[in-house]
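Q: Hello! I am new to this structure and would like to learn how to read its features. Could we go through them together?

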Amino acid sequence: FSEKEKKALADGESFVSLWTKREAYLKMTGDGFARGIGEEIPENASFATFVADGFVVNLCTEMPVETEFCEYKNDKWRNLE
């Protein structure tokens with residue numbers, strides 16, 4: 001992890017949250033782990049973090065993210081808000 005991420009860990013952010021952010025960033029760039037996992041994530045990277053049934057999911061984009069919570073059940077999408 002970068003120094004900034006190490007501080008976030010010390011301040012209470014979970015390992016899983018940081019790891020999934022890094023994974024989402026590397027997927028967004030299209031380089032994946034070939035780019036290297038130790039590179040600093042740029043300040044312009046925007047994340048939306050979701051927790052569902054104990055699983056942490058992070059979405060990374062180059063612009064702010066607006067979220068809408070939906071559920072897919074019985075072949076239909078339903079807005080949860």
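A: Gladly. Let us begin with a pair: the side chains of Lys 7 and Asp 11 meet in a salt bridge, 2.7 Å from N to O. The term stands for a side-chain nitrogen of Lys or Arg within 4 Å of a carboxyl oxygen of Asp or Glu. This is a predicted model, where local features need pLDDT of at least 70, side-chain atom pairs count only at pLDDT 80 or more, and totals for chains, interfaces and linings use all residues. Residues are numbered from 1 along each chain as its sequence is written, and side-chain values use heavy atoms, with hydrogens and water left out.

Q: Are Lys 7 and Asp 11 buried or exposed?
A: Lys 7 is exposed because its relative accessible area is 52%, and Asp 11 counts as exposed at 55%. The cut-offs are these: buried is under 20% relative accessible area, exposed is over 50%, and partly exposed is in between (1.4 Å probe, protein chains only). Accessible areas come from the Shrake-Rupley method with a 1.4 Å probe, and for residues only the protein chains shown count as cover.

Q: How many salt bridges does a search of the whole structure find?
A: The general idea is that side chains of opposite charge can pair when their charged atoms come close. Here the search finds 7 salt bridges. One of them joins Arg 22 and Glu 5, at 2.7 Å from N to O. This pair links distant parts of the chain, with Arg 22 in helix α2 and Glu 5 in helix α1, 17 residues apart. Both Arg 22 and Glu 5 are buried. Glu 71 and Arg 78 also meet in a salt bridge (2.8 Å, N to O); Glu 71 is partly exposed at 29% relative accessible area, and Arg 78 is partly exposed at 46%.

Q: Which helices and strands does the protein chain have, and how do they run?
A: Helices (H or I, at least four residues) and strands (E, at least two) are DSSP runs, numbered from the N terminus. This chain has 2 helices and 4 strands, in the order α-α-β-β-β-β from the N terminus on. Leu 59, for example, lies in strand β2, residues 55-61. The C-alpha atoms of Leu 59 and Phe 47 are separated by 5.4 Å, though the two are 12 residues apart along the chain.

Q: What is the volume of the largest pocket, and which residues are closest to its centre?
A: Rolling a probe the size of a water molecule over the atoms shows where empty space is left. On a 1 Å grid over the protein atoms alone, a pocket is an open set of points where a 1.4 Å probe fits, with protein on both sides within 12 Å along at least five of seven lines; lining residues have an atom within 4 Å of a point. The largest pocket has a volume of about 230 Å³. Of its 14 lining residues, Lys 4, Glu 5, Lys 21, Ile 41 and Phe 47 are the closest to the centre. Helices α1 (3-10) and α2 each supply at least two lining residues.

Q: What share of the protein chain is buried?
A: Of its 81 residues, 20% are buried. Trp 19, placed in helix α2, is partly exposed, with a relative accessible area of 29%.

Note on methods
Grid points are joined across faces, edges and corners, and a volume is the space filled by probe spheres set on the points.
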